Amino acid sequence: MDANVAHVYLEKPAMQKLIPQDLEHKSILCIGVGAGDELGDLIRQNPRRIVGIDVSQELLNIAREKFPSLETQKMDMMSLSFAPDSFDFVYSSLTMHYVKDWTKTLQGVHRILKKRGAFIFSTHHP
């Protein structure tokens with residue numbers, strides 16, 4: 001990812017500004033975590049729990065090597081299998097453009113977010 005100039009200088013700084021600054025002791029889900037390139041900013045806030053999901057087991061293995069405290073699950077973002085009200089914050093960088101059914105995906109995120117939870121995401125295109 002770091003070789004992509006638009007990601008490094010546009011998308012990543014914009015997303016960092018949107019991350020809530022009160023994530024200490026909170027539960028975080030990172031959708032499309034990949035190799036964990038976006039996790040540093042989230043982990044520095046000392047969350048209680050951080051879970052990364054991706055459809056690639058190989059990328060999840062890399063993310064877990066970089067961040068041993070990360071919980072990982074191989075999971076499709078269109079079929080989130082977490083209990084209702086599981087997360088305080090959901091984060092997804094440059095993955096939502098892969099979604100075929102935005103309604104189903106957003107309903108799933110809404111279901112697993114706690115009442116005052118937040119979801120931020122970025123996408124290449126609608």
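The buried residues of helix H4 pack against strands E1, E4 and E5. Here, buried denotes a relative accessible area under 20%, exposed an area over 50%, and partly exposed a value in between, computed with a 1.4 Å probe on protein chains only. Helices (H or I, at least four residues) and strands (E, at least two) are DSSP runs numbered from the N terminus. The model is a predicted one, in which local features need pLDDT of at least 70 and side-chain atom pairs count only at pLDDT 80 or more, while totals for chains, interfaces and linings use all residues. Residues are numbered from 1 along each chain as its sequence is written, and side-chain values use heavy atoms, with hydrogens and water left out.

The buried residues of H4 are Thr 105, Gly 108, Val 109 and Ile 112. Viewed down the axis of H4, these residues fall within an arc of 95 degrees, so they line one face of the helix; the arc is that of the directions from the helix axis to the C-beta atoms. An α-helix has 3.6 residues a turn, so residues three or four places apart point the same way. The exposed residues Thr 103, Gln 107 and His 110 are carried on the face of H4 turned away from its buried side.

Two strands are taken to pair if DSSP finds at least two bridges between them. Strand E2 (residues 49-54) and E3 are joined in the parallel sense by four bridges, and Ile 53 stands opposite Gln 73 in E3.

The interior was examined next. A nonpolar core is defined as a set of buried Ala, Val, Leu, Ile, Met, Phe, Trp, Tyr and Cys residues joined through side-chain atoms within 4.5 Å. The largest such core has 16 residues, and those with the most contacts inside it are Leu 39, Leu 42, Phe 89 and Tyr 91. At least two residues of this core come from each of E1, H2, H3 and E4. Apart from it lies another core of 15 residues, including Ile 31, Val 51, Ile 53 and Leu 80. With neighbours within four places in sequence left aside, the contacts of Phe 89 include Ile 19, Pro 20, Leu 23, Leu 42, Leu 113 and Ile 120, where contact means heavy atoms within 4.5 Å.

Five salt bridges are found in a search of the whole structure, each being a side-chain nitrogen of Lys or Arg within 4 Å of a carboxyl oxygen of Asp or Glu. Side chains of opposite charge can pair when their charged atoms come close. One of these bridges joins the side chains of Arg 49 and Glu 71 at 3.0 Å, N to O. This pair links distant parts of the chain, as Arg 49 lies in strand E2 and Glu 71 in strand E3, 22 residues apart. Arg 49 is partly exposed at 23% relative accessibility, and Glu 71 is partly exposed at 34%. Another bridge joins Lys 114 and Asp 88 at 3.6 Å, N to O. Lys 114 lies in strand E5 and Asp 88 in strand E4, so the pair ties together parts that are 26 residues apart in sequence. Lys 114 is partly exposed at 28% relative accessibility, whereas Asp 88 is buried at 19%. The side chains of Arg 44 and Asp 41 also meet in a salt bridge, at 2.6 Å, N to O, and Arg 44 is exposed at 64% relative accessibility.

Two loop residues complete the description. His 25, in the loop between helix H1 (5-18) and E1, has a phi near 65 degrees, a positive value in a residue other than glycine. His 25 is exposed, with a relative accessible area of 54%. Asn 46, in the loop between helix H2 (39-43) and E2, has a positive phi near 60 degrees and is partly exposed at 41% relative accessibility.
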